[in-house]
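Biologist: I would like to learn how to read the sheet and the ligand site of a model such as this one. Could we go through them feature by feature?

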Amino acid sequence: MHTIVLATQKGGSGKSTLAIGLALAARQAGFTVRLIETDPQGTLSNWQRRRSNEDPVVEPIYHAAHIEPRLKMLADSGLQLAIVDTAAGLSAATTAAIRHSDLCLIPARPSVADIEATVSTLSVARAWKRPYGFVLNQTPIRGQRIDNAADVLAEEASLDLADVLARPLIVMRNDHQDSLAAGLAVSEFAPNGKSADEIRRLWRWIETRLDLEVTTNRLIDQVISAADGMLHVAGERASGEITALAS
Ligand SMILES: Nc1ncnc2c1ncn2[C@@H]1O[C@H](COP(=O)(O)OP(=O)(O)OP(=O)(O)O)[C@@H](O)[C@H]1O
Ligand SMILES: [Mg+2]
């Protein structure tokens, strides 16, 4: 199972909207998906109440200590994707979710305040060595403001822009607000619209990123197990030689 967390200290940057949009985009791409709500504000639960379709299930987990065991249970049950929405600020539940994630997505509007607010989330993701990416959300269609915001985020992460900035940028459009109000995801509300297209492409970026992480982790595991094997053989050879010398 892959676990994606949407987190940033700044309120209103689009965590819940993106969580819903991505959940449906992933479902349409064939994944089984659960939305985990760790924000007592209840944006996802309220959204689900306005909806006639029960899939994806929204599961509230507000206690930090319950996050890891529940994610493990969901993984054991065969679920393919958990998307965790978090509250603004940096609560114990958010830290626990980031710690157990495969990818921490940090949404930011292209404003100084939003970008500054990404720092604390970024440091948690780094402290737990979790992969992360910024999502620039509610952007104008184009302009210098976006380029500046993207450059500052890359600088903050001290990494190449292509490695940390999710693509595409998500433009500010009414479809996002109208779909939330209707209990729909943007790809259900206006499947042929530009917003739905952007969210689907964002999901594809995430999917590629998750695959890369899985491949990298698998390679690391293979190297570790090969090194273990070599150490084991060397250890056995050494103990054989010691026995031969002793006899
Ligand atoms: N790309 C977008 N275009 C237009 N409106 C958007 C977009 N993304 C989010 N919004 C709107 O911005 C508002 C805040 O979004 P949302 O509730 O997803 O943010 P949040 O980060 O979850 O906020 P909170 O920190 O309060 O949980 C909502 O009204 C939402 O519909
Ligand atoms: Mg929210």
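Predicted model: local features only at pLDDT ≥ 70, side-chain atom pairs only at ≥ 80, totals over all residues.

Biologist: What is the order of the strands in the whole sheet, and why is one side of β3 and of β7 left without a neighbour?

Modeller: The sheet is open, with seven strands in parallel pairing, ordered β3-β2-β4-β1-β5-β6-β7. Because β3 (57–60) and β7 (170–171) are the edge strands, each has a single partner, and one side of each therefore lacks a neighbour in the sheet.

Biologist: Which strands does helix α1 touch where it packs on the sheet?

Modeller: Helix α1, residues 15–28, is in contact with β1, β2 (33–37), β4, β5 (103–108) and β6 (132–139), and the angle between its direction and that of β4 is about 170°.

Biologist: Which residues are closest to ligand 1, and which elements supply at least two residues of its shell?

Modeller: Ligand 1 is surrounded by 19 residues, of which Gly11, Lys15, Ser16, Thr17 and Ala88 are the closest. At least two shell residues come from each of α1, β6 and α9 (174–181). Sorted by class, the shell holds twelve polar, four nonpolar and three charged residues.

Biologist: What does UniProt list for residues 4–150?

Modeller: The unreviewed UniProt entry gives "domain: CobQ/CobB/MinD/ParA nucleotide binding" for residues 4–150. Over that range the chain is 44% helix and 21% strand, with its end C-alpha atoms 21 Å apart.

Key:
Residues numbered from 1 in each chain as written. Chains lettered and ligands numbered in written order. Pairing = 2+ DSSP bridges. Helix = DSSP H or I, 4+ residues; strand = E, 2+ residues; numbered from the N terminus. Contact = placed C-beta atoms within 7 Å. Axes fitted to C-alpha atoms, helices over the stretch in contact; angles between N-to-C directions. UniProt positions renumbered as here; feature names shortened; annotations may be inferred. Near = placed C-beta within 6 Å. Nonpolar A, V, L, I, M, F, W, Y, C, P; charged D, E, K, R; others polar.
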